[in-house]
Amino acid sequence: MKLNVNDHQYDVHAAVGTTLAEALRDELALTGTKIACAEGHCGACTVLVDGEPVLSCITLVHSVENASVTTIEGLREHRMIDSFVRNDALQCGFCTPGQIVSAVALVETNPAPSTEEIRHAMAGNLCRCGAYPKIEEAVRTWRD
Amino acid sequence: MARLIRTEKEVEGRYEEVWLVVEEDSLDQWPAGARDIVGRPATRVDALERATGQAVYTADLALPGMLHTAVLRSPHPRARVTHLDLAPALALAGVHAAIGPDDLEQLTAEPNYQGAPIAAVCADSLAQARAALRAIDCRFDVLEPLLDPDEAVRRGELLGEARVRERGDYERGLAEADVVVEAEYRTQVVLHNSMETHQAVVEWTGDDRVDVHISTQYIWGIRDAVSDGLGLPKDNVRVICHYMGGGFGSKNGPDDYTFIAAELAKRTRRPVKCALTRREENTAAGNRNATIQRLTVGARSDGTITALGGEFVNAVGWSGWSSGTEGPMQMLYACANVKTTTYGAKLNLPPMKAFRAPGFVEGTFGLEALLDELAAKLDVDPLELRRRNYAEHAPEGGDYSAKNLLECYRRAEPHWERRHEVRARSTDTVKRGVGMASQIWYGGGGPPSYAWIRVGSDGRAQVVTAMQDIGTGTKTAMAQIAAEELGVPLEHVTVSLGDSARGPYAAISAGSSTTPSMGPAVRAAAADARRQIEEIAEQRGLAKDAPVHEVVDVLEDAQILGKGARGPNPTGMQVLTFGVQVAEVAVDVETGEVWVERIYAVHDVGRVINPLGASSQIEGGIIQGIGHTLSEERLHDPRTGRLLTTTLDAYRLPTIADVPEIVSELVDEPDPQLTNLGSKGLGEPPIIPTAAAIANAIRDATGADVRQLPITREEMLRALRESRERHAAPARV
């Protein structure tokens with residue numbers, strides 16, 4: 001199948017039932033997308049599909065064949081990354097790519113989100129280190 | 001000069017006597033206060049790699065030819081395997097090997113807790129390994145599990161002896177009291193749930209050599225345990241961990257999965273990954289054990305505590321250790337008469353592991369809630385009660401190396417004073433209140449720990465030490481210390497860590513010990529290099545404080561090498577951390593819902609290296625503490641012992657929407673007795689007082705005594721009902 005990831009067209013040989021997260025990590029070696037629960041509960045695997053945040057660990061790769069997928073590797077130039085670094089909005093960093101993808105999805109449609117909007121949009125991304133206060137600050141001040 | 005000493009070593013509140021070769025720590029401490037780099041906020045040196053997904057965690061490793069493992073774990077808390085046939089698994093496509101209890105010591109045919117490993121298979125893909133696991137024919141004779149901690153104590157099913165600690169005359173202390181308060185507190189099982197599950201990739205690089213890539217808090221502990229387990233010379237085990245996704249105490253050892261991977265790798269001559277699924281993580285990767293605490297305090301009417309007593313039952317599980325739940329009662333207050341008895345109940349439940357201040361989180365909830373129940377009975381201000389019983393000297397003997405708890409109380413006072421204003425914002429159905437709790441814990445670290453440093457002719461330095469950064473920001477703190485001592489910009493220092501073959505021994509990242517153990521070694525190494533740089537400057541006719549790159553620019557390929565070791569801890573002194581938290585809560589007295597609205601935290605951990613990273617650690621500890629207090633609980637079926645909360649859907653971690661306003665500060669006073677830095681650790685202190693501060697705020701808001709964690713709506717409504725009944729009933733004389 002063809003898979004469009006970060007504006008590159010890939011030929012992917014994926015068995016039926018392969019998830020998008022598995023295809024990204026195992027076939028394309030794009031390991032910035034993390035798998036922490038593999039059942040859609042934690043948000044670590046969040047990627048954008050046509051700009052919408054999607055849990056790639058419970059999305060079948062064949063269902064996004066005609067879509068445009070953006071992973072953390074496709075967001076390296078996004079100002080949100082610098083905002084996370086500047087605000088110390090990460091500790092162990094394992095959930096961070098997913099956090100950033102969710103944050104980008106939010107600010108691309110709502111560049112100046114309120115605290116409530118940030119909390120609503122980011123509540124599906126778990127962080128066990130508890131970097132939440134600084135994640136909130138990073139999303140709030142991403143354009144500074 | 002190297003010196004051989006016999007000393008006590010403390011990890012997570014447990015002491016052992018060890019022989020150590022220590023080198024004298026001859027450097028004077030820097031004066032208190034922020035320096036050019038140390039003491040000033042620094043963003044993480046590895047933040048960009050982590051944020052962009054470039055950092056390679058163990059979970060991201062894909063070595064050529066690597067096989068994937070699935071582990072058959074007991075679904076029963078206690079059972080005997082009556083039949084096990086691996087052949088159907090081996091017949092499936094992609095499967096390379098399968099092992100059972102006859103093949104590996106870590107696998108068992110007599111599981112005594114749910115999650116105990118029975119068999120394992122490895123295959124080309126994880127999906128194939130899982131399919132093979134389902135094909136294994138395994139039958140059980142299911143036995144009655146022992147699940148009740150009190151019953152285990154009655155039957156004498158204990159891990160180790162009961163621990164009795166007594167000083168003074170407890171009975172006499174009680175007799176001298178004007179008021180006695182007795183209460184039973186219970187805390188639940190909580191799970192670490194690091195975002196990266198426990199996992200290892202093992203590759204045999206020769207007949208008697210292995211590489212172990214592992215998500216770990218202790219590279220050197222893994223090296224020693226794997227070399228013991230496999231019967232290999234220590235340095236034939238190379239342990240690698242460049243990035244890891246959280247541990248919180250659960251990743252100090254190799255566990256079963258590392259040995260499973262090693263055995264399968266040996267049989268297949270391939271690298272083998274064994275990674276726990278999230279559900280395995282929530283079953284068999286350790287937990288903070290439940291406790292029952294039956295506590296008594298006696299005090300004179302002026303608030304002077306005359307007796308403290310407690311019976312503590314740690315529901316340890318099938319194995320593990322009985323943590324120091326009695327520690328806060330023994331250590332926090334200046335009480336002459338204290339008696340505690342601690343039991344470690346051996347149960348058919350998954351083994352505990354250290355979890356961020358094991359024992360002290362639980363024990364502080366009990367003790368500090370008890371203190372407020374006493375304050376209410378005496379009608380004494382809770383802050384005043386704590387000051388009145390302040391310990392000038394360690395109650396169990398010895399002096400403190402430093403103690404700034406009174407300063408913490410002083411700084412907390414304005415936040416404590418907010419309670420009048422907070423209470424005034426209560427409504428008929430939503431009651432508001434403020435509570436506080438104190439914190440005591442270890443955190444002094446200790447030897448041995450070593451660092452090397454090399455400075456090239458470009459004036460840039462590399463710190464080399466085989467430590468690990470588990471997300472606490474240690475790598476950044478070490479770079480700051482080296483840059484400060486060398487007199488070079490922070491950007492000119494890199495830190496190479498994460499590989500036992502590429503650097504000297506470094507401390508465990510646990511027990512709030514990493515910075516106080518590693519920091520002085522890094523500073524000593526930098527000072528060794530700095531001394532050589534100054535010698536070169538003198539020979540070149542340059543000023544002693546000339547910029548480093550100007551001094552060394554003639555070196556070409558020559559390098560300046562420095563080495564440093566962690567010196568000893570002060571003898572006969574207790575090196576401890578202290579703190580205070582003040583919580584503001586709102587309680588809906590109709591539904592039992594509790595919101596934490598604000599937490600103020602002040603902690604005394606000696607010199608602060610990185611105020612930015614430190615504030616993040618405090619926030620993280622408090623947020624875990626809020627989860628522990630209000631939502632998190634690993635449940636099991638009380639009849640069968642089967643676990644009910646193995647997913648992140650069922651096990652309720654805090655989310656960003658649960659976070660209150662957090663205001664934190666640090667006393668930032670170097671401990672004058674402790675090393676060339678005066679720094680202690682901060683990983684654990686912030687989680688310790690949170691639960692008690694919240695419980696005490698709930699009492700302030702509602703008059704109800706919550707005595708059980710988590711404070712679910714059910715527990716809150718029970719406490720409210722009990723409070724109403726108590727006030728309605730005629731006073732007993």
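Reply: Start with B:R269. B:R269 is exposed, with 11 other C-beta atoms within 10 Å. B:R269 sits in the loop between helix 7 (255-268) and strand 13 (272-275) of chain B. (Helices, H or I with at least four residues, and strands, E with at least two, are DSSP runs numbered from the N terminus.)

A word on the source. This is a predicted model, where local features need pLDDT of at least 70 and side-chain atom pairs count only at pLDDT 80 or more, while totals for chains, interfaces and linings use all residues. Residues are numbered from 1 along each chain as its sequence is written, and chains are lettered from A and ligands numbered from 1 in the order in which they are written.

Now move to a sheet in chain B. It is open, has four strands in the order 18-24-25-26, and its pairing is mixed. (Two strands pair if DSSP finds at least two bridges between them.) Strand 18 and strand 26 (661-666) of chain B are at the edges with a single partner strand each, so one side of each lacks a neighbour in the sheet. On average, neighbouring strands of this sheet are turned by 10° against each other, direction ignored. (Axes are lines fitted to C-alpha atoms, for helices over the stretch in contact, and angles run from 0 to 180 degrees between N-to-C directions.) Strand 24 and strand 25 of chain B pair in the antiparallel sense over ten bridges. B:E584 has B:R598, in strand 25 of chain B, as its bridge partner.

Take helix 12 (residues 405-416) of chain B. Its twelve residues reach 15 Å from first C-alpha to last, close to the 16 Å expected at 1.5 Å a residue. (The expected span is 1.5 Å times one less than the number of residues.) B:L405, B:C408, B:Y409, B:A412 and B:H415 are its buried residues. Seen down the axis of helix 12 of chain B, they fall within an arc of 105°, so they line one face of the helix. (The arc is that of the directions from the helix axis to the C-beta atoms.) These buried residues pack against helix 11 (382-388), strand 18 (430-441), strand 24 (577-588) and strand 25 (594-604) of chain B. (Contact means C-beta atoms, placed from the backbone, within 7 Å.)

Next comes helix 19 of chain B. It has 16 residues and reaches 22 Å from its first C-alpha to its last, close to the 22 Å expected. B:M716, B:A719 and B:L720 are buried in helix 19 of chain B. Down the axis of helix 19 of chain B, these buried residues fall within an arc of 100°, so they line one face of the helix. B:E714, B:R721, B:E725 and B:A728 are exposed on the other side of helix 19 of chain B. The cover over the buried residues of helix 19 of chain B includes strand 24, strand 25 and helix 18 of chain B.

Last, look at the loop between helix 18 (690-702) and helix 19 (713-728) of chain B, where B:P710 lies. A cis peptide bond joins B:L709 and B:P710, with omega about -5°.

Note on methods:
Buried ≥ 20, exposed ≤ 12 C-beta atoms within 10 Å, placed from the backbone. Contact = placed C-beta atoms within 7 Å.
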